[in-house]
Amino acid sequence: MADLQDDLHTAAEVGRADAPYPQEAVVVGPEEYRPVSDPDDAPLDRAAAVLAAHPVCDGYSGLPWTLRGLPWYDLDLGESAVDADLPRLRKGQVGAVFWSLHLPEGHDGDRALTATLEQLDLAQGVVAAHDAGLRPARTAGEVVDARNCGRIAVLFGPAGAPALGDSLSVLRSLHALGVRVLTLTGTSWAGPAGLTRFGEEVVREMNRLGMVADLSHASAPTIRRTLVVSKAPVLFSRSGAYDLRPHPANLPDDLLAAVGEAKGLCLVPLTAEQAGPTVRDVADHLDHVRTLAGPDCVGLSGTYDTGGAHPQDLRDPSCYPRLIAELLRRGWDESDVALLTWGNIQRVLRATAFTAHTAQQRRKPSTATITTLDG
């Protein structure tokens, strides 16, 4: 109950960008922000000071699938076969990370569920085996607790919607096992034409459970309809600005504005393919998203250990201070940096928890099926 009370601390206002942050949260509201660095220091020194107080919550890591293919590894001392071992996470001041449970193309039906559960089992085992540095987390309160104990919080997800097998019972089971983010793509009910009636029911059940909808790579109709149906904030786990780099997962300006209006969260990926080849290119995307969606609606997605190339000077999580230094050079306020690295993810997690608490008092678990709703 303590975690739930922590997550409901801000009550009905928790999802609003102008709502105050809970007292135990690391980040406070902009009007209460206390500077943590000397403006006369070099940008890299200022970045280190800001990150010490407001560490990075990394919205996407492919580490579980990468570890699956290794016969042996040591994340505690350092592992050359991966991007994100514990020494590099600590050097980059990462306080929390989402471990993706996404699958390669071609996995669907029972095969998708089996592979997702195998990844989840592996991920939970890795965290348990590295408990001196990692701690599992399901709520915003647990994320803060992990950081206060000197651990890096690990949240499980996003998982792919094909793992559901079009079953809300499976959705509830995945949530009970600790999955907290689901990507709404790759199914008949969340496709190019948008959400079907069953797709809308999936979103409503996710709201009731407290699972965040991830809309990266989703079609524009799916995005727009989910923004209407969902009572909790949505996020985009890997989406930059389409007007700067026309990648299919990046968002055009009209959708970025819509995300801002809905108080969602766009996590800009640190990949050369989506953001560009340099740290300045990544900063350009962050500038663009902040301008269109607002400072409360932009975050970071390292996308390390996904097999993609990363921009120069951002080869692994230890390089996060270089990106923050670039933003400070551009005149970002420390309060906006604190929201980018930590505060915005906390807001989404807390808003999702409050939405679930309210929905569970009004709505029983859904028994709808795709056959009854979509025919």
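Mentor: Let us begin with a definition: two axes count as roughly parallel at angles under 35 degrees, as roughly antiparallel over 145, as roughly perpendicular from 65 to 115, and as oblique at the rest. We shall apply it to this model, which is predicted.

Trainee: What makes H7 and H8 roughly parallel?

Mentor: Helix H7 (residues 168-176) and helix H8 (residues 197-209) pack at about 30°, with 11 Å between their axes. Angles under 35 degrees count as roughly parallel, and H7 and H8 are therefore described in that way. H7 passes H8 in a right-handed crossing. Among the residues that meet are Leu 168 and His 175 in H7, and Phe 198 and Leu 209 in H8.

Trainee: Why is the pair of Trp 189 and Phe 198 called edge-to-face?

Mentor: A pair of aromatic rings is described by the distance of the centres and the angle of the planes. The rings of Trp 189 and Phe 198 are 6.0 Å apart, centre to centre, with 80° between the planes. Rings pair if their centres lie within 6.5 Å, and planes over 60 degrees apart count as edge-to-face; the pair of Trp 189 and Phe 198 is therefore edge-to-face.

Trainee: How do you know that Trp 189 counts as buried?

Mentor: Buried means under 20% relative accessible area. Trp 189 has 0% relative accessibility, so it counts as buried. Phe 198, with a relative accessible area of 1%, is buried as well.

Trainee: Why is the pair of Tyr 304 and Tyr 320 edge-to-face?

Mentor: The ring centres of Tyr 304 and Tyr 320 are 6.4 Å apart and their planes stand at 90°, so the pair is edge-to-face. Tyr 304 lies in the loop between strand S12 (298-301) and helix H12 (320-329), while Tyr 320 lies in H12, so the pair ties together parts 16 residues apart in sequence. Tyr 304 counts as buried at 1% relative accessibility, and Tyr 320 does so at 0%.

Trainee: What makes H12 largely enclosed by the rest of the structure?

Mentor: Eight of the ten residues of H12 are buried, so the helix is largely enclosed. Tyr 320, Pro 321, Leu 323 and Ile 324 are among them. H12 is followed by Gly 331, whose phi is positive, near 95°.

Trainee: Why does Leu 255 count as buried?

Mentor: Leu 255 lies in helix H10 (residues 253-261). Its relative accessibility is 4%, and the cut-off for buried is under 20%, so Leu 255 counts as buried. Leaving aside neighbours within four places in sequence, Leu 255 is in contact with Ala 220, Ile 223 and Arg 224.

Conventions: Residues numbered from 1 in each chain as written. Predicted model: local features only at pLDDT ≥ 70, side-chain atom pairs only at ≥ 80, totals over all residues. Heavy atoms only, no water. Phe/Tyr/Trp six-rings, centres within 6.5 Å; stacked < 30°, edge-to-face > 60°. Buried < 20%, exposed > 50% of the residue type's maximum accessible area, 1.4 Å probe, protein only. Helix = DSSP H or I, 4+ residues; strand = E, 2+ residues; numbered from the N terminus. Axes fitted to C-alpha atoms, helices over the stretch in contact; angles between N-to-C directions. Left-handed = near helix turned anticlockwise from the far one by under 90°. Contact = heavy atoms within 4.5 Å.
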